[in-house]
Amino acid sequence: MKRLPALLLAMVLVACGTRPQQPAAHPDWSYNSVVYEMNVRQYTPEGTLAEAARHLPRLQEMGVDVVWLMPVYPIGVKERKGTLGSYYAISDYEAVNPEFGTLEDFDRFLAEAHRLGLRVILDWVANHTSPDARWIEERPADWYVRDSLGNTIVQYDWTDIAKLDYGNADMRAAMAAAMRFWLNRGIDGFRCDMACEVPIDFWQQTLPALRKEYPGIYLLAEGEAPALHDGAFDASYAWELHHLLNDIAQGRKSAADLRAYVARDAAAMPREAFRLMFTSNHDENSWAGTEFERMGDAARVMAFLTFTLPNGQPLVYTGQEMGFDHRFEFFEKDPVPAWEHNGFTDFYTALIRLRHENPALAAGERGGQAAYPLGERTPDGLMLFSRTAGGNEVTVAANLSAEEVAFDLPFEGSRREFFTGKEYTGGTRTVLPAWQWLVFAQDRR
């Protein structure tokens, strides 16, 4: 068949009542994906990439799409915190921390993940290195921000770091080259640590160039500024949401505050922006406490919301999939004692399946926005919304209070609840116990 010129083809499709699909703003595989953050040091008693690779089939069985590896690079010795140091005080961007194994071990981990259909992204720390990094000795002094005495500087209480100077074009080029080192090994993208601390123009110049060279990569920013999505990242952190969910669980905020947040975030962020949503991660777990400490009986319903709220891309952190209620030591060895399949495993597996099976729950421009079918008649404490996309509709009812709440189901006919399989009739008066939820998925295509 002879190919029509693109413009002519578009005109024909419009004339026939069919509009050509707009180019995807992100990799096709990423829209309904779920990210798993792997803390390699604590993931197994051995704390190695080789041992972690043996657990990849377990993540695949859960339905995980993306494995985010916390930094795997060598750690500095100077000003090291604790015995083993912070993952984020990197001494060499193009090597593997001997604590975790070798570069060959990393390659085998990556190959096994890809064999199982998993993507792998690396934690990238562009804001700083350790104070004894290779670059300190091998590169010009003006690659680093320095004080009046010529000493490298630290930020916050990060006394084990040296801040890089993005006024130096050679340093910027070397940073991009180091990212290419790993992309050439076949990784699928980066989670960029403290992306908000690095000048936005570096990301806007570097990341589009990397996308051209390595199509289909996925890029996640630790930061919440809308500008991070301006020609740079696929996804950014929903930090405000995280703290709001903690506040709701602790009785300081309500479902009404969550509805206001959803509207505010939709207005502030580009429509195509992915928003990483979580109840835990490496920072929150170690420094603020586990989700059970912060959220108590509300921990599960808050996790459920991270899988269903508009524009969200959900994150599962090491140990959450078995309800591990433990703050990991950050600078010491403190491994998961033994992995077990339990009710939390089934819970997260079901959440991931809900996500995969329903296009309405996609992140970014492909997912449905929130509609509130009861409007002002929504009872206090109830977060009730629906999302629709491509003929698929998902209706969520979540009790975000410590009291039971009663409401009328806002649909016609009968629908089956996703988790229990129980059939409900629209319009029926329904009572939700404290911190419980219902979700109904319907395909109208």
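This is a predicted model: local features need pLDDT of at least 70, side-chain atom pairs count only at pLDDT 80 or more; totals for chains, interfaces and linings use all residues.
Start with the inside of the protein. The largest nonpolar core is made up of 130 residues. Within this core, the residues with the most contacts are Met38, Leu69, Trp124, Trp203, Leu258, Met302 and Leu400. Setting aside residues up to four places away in sequence, leucine 69 touches Met38, Val40, Leu49, Phe106, Phe109, Val120, Ile121, Leu122 and Asp123. There is also a second, separate core of 12 residues, and Leu374, Leu384, Leu409 and Leu432 are among them. As a bit of background, nonpolar side chains tend to be buried together in soluble globular proteins.

Helix 13 is largely enclosed by the rest of the structure, because 9 of its 10 residues are buried. The buried ones are Ala299, Val301, Met302, Ala303, Phe304, Leu305, Thr306, Phe307 and Thr308. Helix 13 (residues 299-308) also has a partner: its axis and that of helix 9 (residues 239-249) come within 10 Å and cross at roughly 150°. This crossing of helix 9 and helix 13 is right-handed. On the helix 9 side, the contact is made by Leu245, Ile248 and Ala249, while helix 13 brings Met302, Leu305 and Thr306. Sorted by class, the residues of this contact come out as 5 nonpolar, 1 polar and no charged.

Helix 9 holds another residue to look at, asparagine 246. With a relative accessible area of 7%, asparagine 246 is under the 20% cut-off and therefore counts as buried. Not counting residues up to four places away in sequence, asparagine 246 touches Arg294 and Met295.

Helix 7 (residues 169-183) packs against helix 8 at an angle of about 35°, and the two axes are 11 Å apart. Helix 7 passes helix 8 in a right-handed crossing. From helix 7, Arg172, Met175, Ala176, Met179, Arg180 and Leu183 take part. Facing them in helix 8 are Asp201, Phe202, Trp203, Gln205, Thr206, Leu207, Ala209, Leu210 and Glu213. By class, this contact has 9 nonpolar, 2 polar and 4 charged residues.

Cysteine 192 sits in strand 6, and at 0% relative accessibility it counts as buried. Leaving aside neighbours within four places in sequence, cysteine 192 is in contact with Trp124, Trp203, Leu220, Ala221, Glu222 and Phe233. Cysteine 192 and proline 208 are 16 residues apart along the chain, and their C-alpha atoms are separated by 15 Å. Methionine 194 lies in the loop between strand 6 (189-193) and helix 8 (200-213). Methionine 194 has a positive phi of about 45°, although it is not a glycine. With a relative accessible area of 14%, methionine 194 is buried.

Tryptophan 435 has a positive phi too, of about 60°, and is not a glycine either. Its place is in the loop between strand 16 (429-432) and strand 17 (437-443). At 10% relative accessibility, tryptophan 435 counts as buried.

Histidine 128, in strand 4 (residues 128-129), is buried at 2% relative accessibility. A polar contact of 2.9 Å joins its side chain to that of asparagine 127. Apart from neighbours within four places in sequence, histidine 128 is in contact with Tyr88, Tyr93, Trp158, Ile161, Ala162, Lys163, Leu164 and Asp193.

Aspartate 283, found in helix 11 (residues 282-288), is partly exposed, with a relative accessible area of 22%. The side chains of aspartate 283 and histidine 282 are joined by a polar contact of 3.3 Å. Beyond neighbours within four places in sequence, aspartate 283 is in contact with Glu222 and Ala288. Aspartate 283 and tyrosine 166 are 117 residues apart in sequence, and 25 Å lies between their C-alpha atoms.

Definitions and conventions. Residues are numbered from 1 along each chain as its sequence is written. Side-chain values use heavy atoms; hydrogens and water are left out. Axes are lines fitted to C-alpha atoms, for helices over the stretch in contact, and angles run from 0 to 180 degrees between N-to-C directions. Helices (H or I, at least four residues) and strands (E, at least two) are DSSP runs, numbered from the N terminus. A crossing is left-handed if the near helix is turned anticlockwise from the far one by less than a right angle, and right-handed if clockwise. Contact means heavy atoms within 4.5 Å. Ala, Val, Leu, Ile, Met, Phe, Trp, Tyr, Cys and Pro count as nonpolar, Asp, Glu, Lys and Arg as charged, and the others, Gly among them, as polar. Buried means under 20% relative accessible area, exposed over 50%, partly exposed in between (1.4 Å probe, protein chains only). A polar contact is a pair of N or O atoms within 3.5 Å; within protein, one must be able to donate a hydrogen and the other to accept it, and residues adjacent in sequence count only if both atoms are side-chain atoms. A nonpolar core is a set of buried Ala, Val, Leu, Ile, Met, Phe, Trp, Tyr and Cys residues joined through side-chain atoms within 4.5 Å.
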